[in-house]
Amino acid sequence: MSAPVLAPRRERLTGVVTGAGTGIGRACLEVLVDHGARVDAWDRSDEALADLAGREEVAPRTVDVTDAAVVGSAASAALKHWGRIDFVINCAGAFLVGPLADVSAASVRALFEVNVLGTTVVTQALLPALKSSRGSIVNVASSVALKPTASNAHYAASKAAVAHLTRCWALELGPEGVRVNSVAPGPTPTAIYRTAGMSAEQESTLLRERAEAIPLRRVGDPVDTARWIARFALEDDWTTGVVLPVDGGMAL
Ligand SMILES: NC(=O)c1ccc[n+]([C@@H]2O[C@H](COP(=O)([O-])OP(=O)(O)OC[C@H]3O[C@@H](n4cnc5c(N)ncnc54)[C@H](O)[C@@H]3O)[C@@H](O)[C@H]2O)c1
């Protein structure tokens, strides 16, 4: 008997997307909902979540992923609201650009707090629920986690940490049926560059230069990455510990 091409999907899967206010996180939310999932949408920005109010399949929640107490309460509230948690997408992230001579200790600390500590705190808070649903964790890394870069070493290092946490957690949690995968997006026009303090001109120069160096000769769209994230979150398959470049070939 031949096996179906896609692994069986359970109905109405439910999970948390961090950084769901904008960019790649918001694209994930929409792709997940399009595929029948329900999403507890976390972001530290109230404003970015405001348009989600009133949607039956989405519960917006203001959460700073670096604050363990707030994350713990949000995890309890999400579980109470939906009754189960099948996936977490760790998408909230920060960017830092600049040479070694210029970065401040405070900016490096703040970067690692969001990208590495935030991913840890959120996953830890949701872990009992994910174990009981034999769920899926998807961490958003970056193509620069796989290919060194001269202009944003600390950001690349923070995302390399996210990629390696993914592999280590896959080993740790596999025996309990929890899958852990990561996507490593290439450059994608979102708010992250401006939030990191780049001017519009610096952002467009960076994205143009990166596009010229990418084998597929274009930067990403948030949906390019969101589709793979949804696949890892929703398909109950035999994949774990993968860090998948979604970058037009940039990491080659
Ligand atoms: N845009 C790119 O080129 C690119 C490339 C590779 C990886 N990524 C990664 O993709 C992820 C999403 O980034 P994006 O490009 O969509 O940027 P974005 O700025 O549009 O989205 C990031 C979201 O995270 C939220 N956030 C930031 N810090 C938070 C915190 N402490 N607690 C809760 N929410 C917080 C922001 O409010 C924002 O809504 C990030 O992890 C980023 O590092 C982006």
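Start at Asp64: a polar atom in its side chain sits 2.9 Å from a nitrogen atom of the ligand. That counts as a polar contact, meaning a pair of N or O atoms within 3.5 Å. Tyr193 also takes part, with an N or O atom of its side chain 2.5 Å from an oxygen atom of the ligand. Arg44 uses its backbone instead, where a polar atom is 3.2 Å from a nitrogen atom of the ligand.

How much of the ligand does the protein bury? On its own the ligand exposes 820 Å², and 95% of that is buried by the protein (areas are from the Shrake-Rupley method with a 1.4 Å probe).

A quick word on what you're looking at. This is a predicted model, where local features need pLDDT of at least 70 and side-chain atom pairs count only at pLDDT 80 or more, while totals for chains, interfaces and linings use all residues. Residues are numbered from 1 along each chain as its sequence is written, and side-chain values use heavy atoms, with hydrogens and water left out.

Now look at the shell around the ligand. There are 27 residues in it, and Ile24, Asp43, Tyr155, Thr190 and Tyr193 come nearest (a residue is near if one of its heavy atoms lies within 4 Å). By class, the shell has 14 nonpolar, nine polar and four charged residues; Tyr and Cys count as nonpolar here, and Gly as polar. 

Step back and you'll see that the ligand takes up the space of the largest pocket (a molecule sits in a pocket if more than half of its atoms lie within 2 Å of its grid points). A pocket here is an open set of points on a 1 Å grid over the protein atoms alone, where a 1.4 Å probe fits, with protein on both sides within 12 Å along at least five of seven lines; lining residues have an atom within 4 Å of a point. This pocket holds about 900 Å³ of space, a volume filled by probe spheres set on the points. Of its 44 lining residues, Cys91, Ala92, Gly93, Ala94 and Ile192 are the closest to the centre. Which element gives the most to the lining? It's α4, with four residues (helices are DSSP runs of H or I with at least four residues, and strands are runs of E with at least two).

Finally, follow α4 to the loop between it and β5 (136-140), where you'll find Arg134. Arg134 has a positive phi of about 50 degrees, although it is not a glycine.

Methods
Polar contact = N/O pair within 3.5 Å; in protein donor to acceptor, adjacent residues only side chain to side chain.
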